[in-house]
Amino acid sequence: MDGLNVSVVSEFVLLGLSGSWETKVFLTLTFSLLYLGIILGNLFIVFLVIADSHLHSPMYFLLANLSLIDVGLSCTTVPRMVTDLLKEHKVISFQSCMAQVCFIHIMGGTEMVLLMAMAFDRYAAICKPLHYLTMMSPKKCILFVVMSWVTGVIHAMSQFSLIINLPFCGPNTIDSFYCDFPRVIQLACSDAAKFEFFGTANSGFMSMVTFFLLLLSYVFILVTVWKRSSGDLSKALGTLSAHITVVVLFFTPCIFIYMWPFPTSSIDKYMFIVDFTITPVLNPIIYTLRNKDIKIAIKRLSRQRHHNRFC
């Protein structure tokens, strides 16, 4: 924590999202509704998985954990983004900025590993159905989740330990609505170029490798199903389409931004709106509309409430 003593900067100024007053009011209402949808939609999935015994399976256990991570990721950025939209002077303290960097990478790293666990679950269910309960036992599911969080924490701490010890003596303006490694490190009173390799090797490499491993796993599953029976290919593709959609939406901004860790334009802040608002609000919709079990569970819950009301 010596870096805290060296730093002169006590706060950062966020430029946020630019636009006219009318545009900012519209964005405030839009992001407020999206945030409400994120909270209600994802927590509803968690509640449904817990309440309905028919959803007590590895796939839905992992899905519930994904929903919790989406809520956490959005909570680190969206509330401040919404409140700052109508402010003329947007300020975040040095400590809050560092905490935001840390939590963004904890949640992001955890979600990457959890998506790999969900891909393995689909592989076991589709390609190894007779061994599914052994490959995805409750202990292994818990292990997957623990490994996801441990990986996320290690990834975040590697970023945090570097940035917290850097001296910040000005300027203190960040062209974004949130704090993140590529933007903040540009403000350090040291040669930021030497950290470029670290940023790319850490977040960029992790995003790229995880993304391609996931795509390869889905291709392998589809090829395996196609070799067994071409008639089952459309069914497998329908099952995997939700997973593939989520993976593409989540990883595209990460790869675009972290493979070029020192941005020269403000496009990265608009790209990450997808990860912070669009993907988390779409996940419940995608998994609900494309999932027969979830639809049945919702109908079952509705019938139960209707029955309890008239008893």
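How much space lies in the largest pocket? About 520 Å³. The legends below describe close-up views of a predicted model.

**View 1. The largest pocket is lined by 20 residues.** Arg122, Ile126, Lys235, Ala236 and Thr239 lie nearest the pocket centre. Helix 3 (58-75), helix 5, helix 9, helix 10 (233-258), helix 11 (267-289) and helix 12 (292-309) each give two or more residues to the lining. Helix 10 provides the largest share, six residues. By class, the lining has nine nonpolar, four polar and seven charged residues.

**View 2. The second largest pocket has a volume of about 180 Å³.** The lining includes Val49, Leu55, His56, Ser57, Pro58 and Phe61. Leu133, Met136, Ser137, Pro138, Cys141 and Ile142 also line this pocket. Two or more residues come from each of helix 3 and helix 7. Helix 7 gives the most, with three residues. The lining has nine nonpolar and three polar residues, and no charged residues.

**View 3. Cys97 and Cys179 form a disulfide.** Their sulfur atoms are 2.1 Å apart. The pair links distant parts of the chain, 82 residues apart. Cys97 sits in helix 5 (residues 94-127). Cys179 sits in the loop between strand 3 (173-174) and helix 8 (181-185). The torsion about the S-S bond is about -120 degrees, so the disulfide is left-handed. Cys97 counts as buried because its relative accessibility is 0%. Cys179 is buried too, with a relative accessible area of 0%.

**View 4. A disulfide joins Cys169 and Cys189.** The sulfur atoms of this pair lie 1.8 Å apart. The link is left-handed, with -130 degrees about the S-S bond. Cys169 is partly exposed, with a relative accessible area of 48%. Cys189 is partly exposed as well, at 30%.

**View 5. The structure holds two disulfides.** With bonded cysteines counted along the chain, the pattern is 1-3, 2-4. What does the accessibility of Cys102 make it, buried or exposed? Cys102 counts as buried, because its relative accessibility is 10% and the cut-off for buried is under 20%. Cys127 counts as buried at 3% relative accessibility.

Technical notes: Residues are numbered from 1 along each chain as its sequence is written. This is a predicted model: local features need pLDDT of at least 70, side-chain atom pairs count only at pLDDT 80 or more; totals for chains, interfaces and linings use all residues. Side-chain values use heavy atoms; hydrogens and water are left out. A disulfide is a pair of cysteine sulfur atoms within 2.5 Å. Helices (H or I, at least four residues) and strands (E, at least two) are DSSP runs, numbered from the N terminus. Buried means under 20% relative accessible area, exposed over 50%, partly exposed in between (1.4 Å probe, protein chains only). On a 1 Å grid over the protein atoms alone, a cavity is a set of points where a 1.4 Å probe fits but cannot get out, and a pocket is an open set with protein on both sides within 12 Å along at least five of seven lines; lining residues have an atom within 4 Å of a point. Grid points are joined across faces, edges and corners, and a volume is the space filled by probe spheres set on the points. Ala, Val, Leu, Ile, Met, Phe, Trp, Tyr, Cys and Pro count as nonpolar, Asp, Glu, Lys and Arg as charged, and the others, Gly among them, as polar.
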